[in-house]
Amino acid sequence: MTATASNWQVLSLFTLTGFFLGMLGALYLAYDFFNRQPKILHRCVFVFSYGFLFTSVLVASCLFFIAHQRFATGYPLMLIWRLIATFGFVGFFMQFLTLSPFPQTYPPIVDWLKLVYWVVLTSIGLVWLGTILLPQGSSLIEAVIFALPGILIMGLLNGFSPVIQWWIFHLPEKRVAAIGTLLIFCAFALAVVSPLLSLLGIPLR
């Protein structure tokens with residue numbers, strides 16, 4: 001894998017991250033605009049927030065624990081990103097199906113059933129993904145280390161989901177919209193990195 005191809009992958013990742021941040025920011029704005037009431041919008045806000053965090057952690061784990069090993073072996077990185085994207089979409093779908101309902105009264109701090117469920121589910125899925133992505137001869141411990149951040153983030157987000165939903169819903173008026181606006185600005189900044197480098201003629205090598 002050449003340096004140019006590697007930098008192209010990173011720039012594409014910036015652009016894609018910007019796209020999802022912009023979409024998430026627009027959801028936050030709509031959520032506040034409609035007074036945080038429509039149930040489907042409430043569900044979408046939390047599903048996409050959790051899904052984005054999960055996918056981000058998964059990509060970071062891949063970059064820190066796997067990509068540098070695969071660069072040396074010439075493994076097709078596009079296959080890695082496709083597998084990561086597949087698991088990210090599965091995470092979105094499972095979140096949509098299993099998201100805790102909005103609590104009508106102040107909920108218990110931890111939903112232990114959801115926490116254990118997601119820890120077990122993501123442990124199975126991510127350790128299996130790690131054994132596929134890691135080079136041949138890697139130990140199971142390495143796959144567990146790769147999977148651990150994703151397991152923790154999904155377990156904590158879903159275990160504390162009722163409290164998180166309650167807290168977000170009771171934020172001061174327009175606070176969620178302000179967060180959405182900030183996300184849109186971040187999305188714009190990430191999206192212009194690639195064209196700006198091209199415009200300035202900065203080489204990728």
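## Lys-174, between helices 6 and 7

Let's start in a loop of this predicted model. Lys-174 sits between helix 6, which covers residues 161–169, and helix 7, which covers 175–191. The backbone at Lys-174 has a positive phi of about 75°, although the residue is not a glycine. Most residues other than glycine have a negative phi.

## Asn-35, between helices 1 and 2

Another loop holds Asn-35, placed between helix 1 (3–33) and helix 2 (39–73). Here too phi is positive, at about 60°, in a residue that is not a glycine. The relative accessible area of Asn-35 is 54%, so this residue is exposed.

## A look at helix 4

Now to a helix. Helix 4 has 22 residues. From the first C-alpha to the last, helix 4 reaches 31 Å, close to the 32 Å expected at 1.5 Å a residue.

Which residues of helix 4 are buried? They are Lys-114, Leu-115, Trp-118, Thr-122, Gly-125, Leu-126, Val-127, Leu-129, Gly-130 and Leu-133.

## Helix 4 against helix 5

Helix 4 (residues 112–133) packs with helix 5 (residues 140–159) at an angle of about 150°, and their axes are 7 Å apart. The two helices are therefore roughly antiparallel, as angles over 145 degrees count that way. Helix 4 passes helix 5 in a right-handed crossing.

Residues on both helices make this contact. From helix 4 they include Leu-115, Trp-118, Thr-122, Leu-126 and Leu-133. From helix 5 they include Leu-140, Val-144, Phe-146, Ile-151 and Met-154. Sorted by class, the contact of helix 4 with helix 5 has 14 nonpolar, 8 polar and 1 charged residues. Lys-114 of helix 4 takes part in the contact, and Lys-114 is also among the buried residues of that helix.

## Helix 5 against helix 6

How far apart are the axes of helix 5 and helix 6? They are 5 Å apart, and the two helices pack at an angle of about 60°.

On the helix 5 side, Leu-157, Asn-158 and Gly-159 meet Ser-161, Pro-162 and Ile-164 of helix 6. By class, this contact has 3 nonpolar, 3 polar and no charged residues. Asn-158 and Gly-159 also belong to the contact that helix 5 makes with helix 4.

Terms used. Residues numbered from 1 in each chain as written. Predicted model: local features only at pLDDT ≥ 70, side-chain atom pairs only at ≥ 80, totals over all residues. Heavy atoms only, no water. Helix = DSSP H or I, 4+ residues; strand = E, 2+ residues; numbered from the N terminus. Buried < 20%, exposed > 50% of the residue type's maximum accessible area, 1.4 Å probe, protein only. Axes fitted to C-alpha atoms, helices over the stretch in contact; angles between N-to-C directions. Parallel < 35°, antiparallel > 145°, perpendicular 65-115°, else oblique. Left-handed = near helix turned anticlockwise from the far one by under 90°. Contact = heavy atoms within 4.5 Å. Nonpolar A, V, L, I, M, F, W, Y, C, P; charged D, E, K, R; others polar. Expected span 1.5 Å × (residues − 1).
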